[in-house]
Structure formats: C-alpha cells, structure tokens
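Student: I would like to learn how to read a structure one feature at a time. Can we work through an example together?

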Amino acid sequence: MKTINADIAAELILELFKAKPWLNEPKIMTEDDYYAKDEAIIFLRHMAIHNANSFDGVSAPAQRIVSGFLLDLMGKFMRPEHLLHQKTWLIDDSKSLDEQALQIIAAEITDSPLLSQERH
C-alpha cells in the first residue's frame, strides 16, 4: 500500500484510458444525456469493483457521461487550484496501474456528495 497525490492519480487515470481505450472513444455529450446519469454512476461503481472490460449493455448517453466524468476527474487532479489537487489516496500498489486508477475512482464515487446522494 502507498499514498499517492493528485499528480500520480492523474497519471493513473491516463493509464486507465490506455488500458481501456473504449472508455475514451470520441464522444460528445449532449444536453439530453442527463437522464442517463444514474446508469453512468451504476456503471462506474461496477467498473471500479469488477474491472469491466467494455461498455457492454450501457446506453450511449451513459457511456458519454462516464467518459466525461473520467476526463473531468483527471483534469481536476491536474489543476493546482482545485481541491482534488490537494488530496491524497491510499492505494494497493501491487495492482496494475489501471487497477490502481479504479481504486481512486471508487474512492471518489464514495466521497462525492453529488454521486453519493444517488444511493438514497
């Protein structure tokens, strides 16, 4: 186990995109995608726990939300003025880099007030 900072977390998200390029295929979100937010959150949780290898069965709007969330998360890690840039995470460094990224995503899903309210 080791503690990492936001710079390393951003690099791990990039490694996740390299290991799973289907997560970042060119997708542009639309205003109508919002209705798929719950499906996207469910998929992110599933992916973080089970290390999914495809969007199998996930709607196109939810896919766009997932991709957008991951890119946004990586961007927040890289911006010194963002609160997430000051955060650290404890990860299992015996896992592959993409699995380490999934640990961070799982932690952020759990810690996010916006995403955690979906559990109610």
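**Reading a helix and its surroundings**

Tutor: Start with Ile-13, which is buried, with a relative accessible area of 0%. This is a predicted model. Ile-13 sits in helix α1.

Student: Which residues is Ile-13 in contact with, leaving aside its neighbours within four places in sequence?

Tutor: Leu-70, Leu-73, Met-74, Phe-77, Ala-101 and Ile-105. Take Leu-70 from that list. Leu-70 is 57 residues from Ile-13 along the chain, yet their C-alpha atoms are separated by 7.4 Å.

Student: Now α3. How do I check the length of a helix?

Tutor: Compare its span with the value expected at 1.5 Å a residue. Helix α3 covers residues 60-78. With 19 residues, α3 reaches 27 Å from its first C-alpha to its last, close to the 27 Å expected.

Student: Which residues of α3 are buried?

Tutor: Pro-61, Ala-62, Gln-63, Arg-64, Ile-65, Val-66, Ser-67, Leu-70, Leu-73, Met-74, Gly-75 and Phe-77. Their cover includes α1, α2, β2 and α4. Helix α1 spans 6-19 and α2 spans 37-50.

Student: How do I describe two packed helices?

Tutor: Two packed helices are described by the angle between their axes and the distance between the axes. Here, the axes of α3 and α4 come within 12 Å and cross at roughly 95°. Angles of 65 to 115 degrees count as roughly perpendicular. Helices α3 and α4 are therefore roughly perpendicular to each other.

Student: Which residues in α3 and α4 meet?

Tutor: From α3, Phe-69, Leu-70, Leu-73 and Phe-77. From α4, Ile-104, Ile-105 and Glu-108.

Student: How many salt bridges does the structure hold?

Tutor: The structure holds 5. Consider Asp-72 and Lys-76, among others. Their side chains form a salt bridge at 2.9 Å, N to O. Both residues lie in α3, 4 residues apart, about one turn of the helix. Asp-72 is partly exposed at 36% relative accessibility. Lys-76 is partly exposed at 24%.

Student: What about Glu-81 and Arg-79?

Tutor: Glu-81 forms a salt bridge with Arg-79, and the closest N and O atoms are 3.6 Å apart. The cut-off for a salt bridge is 4 Å, so the pair counts. Glu-81 is exposed, with a relative accessible area of 64%. Arg-79 is partly exposed at 34%.

Student: And which salt bridge involves Glu-108?

Tutor: The one with Lys-87, at 2.6 Å, N to O. Glu-108 lies in α4, which covers residues 97-111, and Lys-87 lies in the loop between α3 and β2, so the pair ties together parts that are 21 residues apart in sequence. Glu-108 is buried, with a relative accessible area of 8%. Lys-87 is partly exposed at 23%.

Student: Which side chain does Arg-64 join in a polar contact?

Tutor: That of Asp-33, at 2.6 Å. Arg-64 is in α3. Beyond its neighbours within four places in sequence, Arg-64 is in contact with Lys-27, Ile-28, Met-29, Thr-30 and Asp-33.

Student: Is Leu-71 buried, partly exposed or exposed?

Tutor: Leu-71 counts as partly exposed, at 38% relative accessibility. Its place is in α3. Setting aside neighbours within four places in sequence, Leu-71 is in contact with Phe-17 and Asn-24.

Student: Where does Asn-51 lie?

Tutor: In the loop between α2 and α3.

Key. Residues numbered from 1 in each chain as written. Predicted model: local features only at pLDDT ≥ 70, side-chain atom pairs only at ≥ 80, totals over all residues. Heavy atoms only, no water. Helix = DSSP H or I, 4+ residues; strand = E, 2+ residues; numbered from the N terminus. Polar contact = N/O pair within 3.5 Å; in protein donor to acceptor, adjacent residues only side chain to side chain. Contact = heavy atoms within 4.5 Å. Buried < 20%, exposed > 50% of the residue type's maximum accessible area, 1.4 Å probe, protein only. Expected span 1.5 Å × (residues − 1). Axes fitted to C-alpha atoms, helices over the stretch in contact; angles between N-to-C directions. Parallel < 35°, antiparallel > 145°, perpendicular 65-115°, else oblique.
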